[in-house]
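Please open the model in your viewer and keep the selection tool at hand. The tour goes from one selection to the next.

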Amino acid sequence: MHIPDGILPAAVCAAGYATTGAATWVSLRKINQQADPRAGIPKASLLTSAFFVASWIHVPVPPTSAHLVLNGLLGATLGYYAFPAILIGLFFQAVMFQHGGLTTLGVNATMMGVPALLSYYIFRLRGLVDQENRVWTAVFGFVAGAVGLGVAALIAMVLLITTIPAHLDVEAERASIYALTTAHVPLMLIEGLFTALVVLFLQRVKPELLEQG
Amino acid sequence: MNLGLEAFAHLDSPFHRWAPKHKLVGLTVLIFAFSFVRDLHLLPAMLAVTFILYAVSRLPLSFLLARLRYPGFFLLALALLLPFLSGQTVILRLGPLALRQEGCLDLLLIVVKFVSILTLSLVLFGSAPFLSTIKAMQGLGLPSILADMTLLSYRYLYEVGDDLHKMETAMGLRGFRARRPSRRTLGVLAALAGSLLVRSYERSERIYKAMVLRGFGAGVRPAPHSRERSQAHVHDYLALGGALFVAAGFLAAQILL
């Protein structure tokens, strides 16, 4: 779900960089308001590497296998560090694996990072009910994971279909956006389920990893 | 696991000698100028500039080809769809399929821009150690939190990757095979991802203590590396001027044509 170089018009790339700049600015401001902002850097950096590596884990989805995006889980565990973490992860993807691209880095970071922040807010809502309750943790973990991927997929489809084939008619565009987004529903369920299982694991093994924010 | 981006960072070419900060600005502006192009007449010039720059950088061709392989799948998917779906002017009919002119031209534009931008970004990041490139970004205003996070995650990417590899091997040896998406498979894979996060988290606590012992957070910047050049030379500015001139040429041509 990374949009490569050369596809989007320059104006869309520039708009992507503008929203990424704004989201990074907000995140860094929130991070700097913490008691010791530098103390969180090693933790956020190592988890950035860990998330990058964890996205190589393949989950069997017959007839093939899918890798997970994990942006919802990233939001739930890293809080405001999630956006910089995603930006850095995508930068590595672009320069090391040619997955995504430099001109589309802003667009891709917005596409994955803004839903991650959304997932962070969703997951934080479990504080309103009962933070220690495993059922609520699983429910909010599931919603955070599913929404994280779902919103990212929706943004990607709208961008790709409205910008690439300049000669498609409006009806066909709308139909293909609906079709492609519907195709992502099973992936959203898997992503949500996986996120719920990981947050339950973390709550049992290392609860302080979920205490961000 | 070898990510290999820095494999040819120590060659000797005009690009390797170009001051990282100037190179970053020059090539980034050129990359964005390329992404601005929509006129098909500019594509041969774009390919020519890309080819010349890659040849001057003395990076081996295999380095480029190996990195084109993965995104090639995406291009292949586009190549199978776009010419048949986009546009009205049919140039060839193959049974129920109609090859359309607009789709073919769209595809040509996307492929040429994609290959050119990818090649230039390889020249940019392949012709200097990653550390110097990030330092150059910091010199150009990248916030220090982002720069520190980038360098630390880059440093530990290899080790976390090895962790995953070891855990997967251990799981395989104990008979785990991820075949069907059952509740159990998903649970085991979630525990694998969770363990990866917990291990990295614990490692980060040790690293943070070690960094504090060495003065991290005390506001002291380490002394610049002795081999690093602090001063930019005339040729750095000349090369930057050249890159900006070519980029301006593409922008002007796109606007005027």
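Domain bounds here come from an automatic or database domain assignment. This is a predicted model, in which local features need pLDDT of at least 70 and side-chain atom pairs count only at pLDDT 80 or more, while totals for chains, interfaces and linings use all residues. Residues are numbered from 1 along each chain as its sequence is written, and chains are lettered from A and ligands numbered from 1 in the order in which they are written.

**Stop 1: the domains of chain B**

Select 14–137 together with 230–256 in chain B for domain 1, then 143–213 for domain 2. Taken over C-alpha atoms, the centres of domain 1 and domain 2 of chain B are 34 Å apart. Domain 1 of chain B puts 4 residues into their contact, and domain 2 of chain B puts in 4 residues (two residues are in contact if their C-beta atoms, placed from the backbone, lie within 7 Å).

**Stop 2: chain B against chain A**

Now show both chains. Their contact takes 53 residues from chain A and 63 residues from chain B. On the chain B side, α2 (20–36), α4 (61–85), α5 (101–126), α7 (144–173) and α8 (183–213) each supply at least two residues. Helices (H or I, at least four residues) and strands (E, at least two) are DSSP runs, numbered from the N terminus. Which helix gives the most to this side of chain B? It is α8(B), with 19 residues.

**Stop 3: α2(B) and α5(B)**

Select these two helices. The axes of α2(B) and α5(B) come within 10 Å and cross at roughly 175 degrees, which means that α2(B) is roughly antiparallel to α5(B). Axes are lines fitted to C-alpha atoms, for helices over the stretch in contact, and angles run from 0 to 180 degrees between N-to-C directions; those over 145 count as roughly antiparallel. Among the residues that meet are B:L27, B:I31 and B:F34 of α2(B), and B:I117, B:L120 and B:L124 of α5(B).

**Stop 4: α8(B)**

Select α8(B) and check its length. Its 31 residues should span 45 Å at 1.5 Å a residue, and its end C-alpha atoms are 45 Å apart, so the two agree. The expected span is 1.5 Å times one less than the number of residues.

Next, colour its buried residues, including B:L189, B:L196, B:S200 and B:Y208 (buried: 20 or more other C-beta atoms, placed from the backbone, within 10 Å of the residue's own). The buried residues of α8(B) pack against α7 of chain B and against α2 (40–54), β1 (58–61) and α8 (185–205) of chain A. Finally, just after α8(B), click B:G215, which takes a positive phi of about 100 degrees.

Conventions. Parallel < 35°, antiparallel > 145°, perpendicular 65-115°, else oblique. Buried ≥ 20, exposed ≤ 12 C-beta atoms within 10 Å, placed from the backbone.
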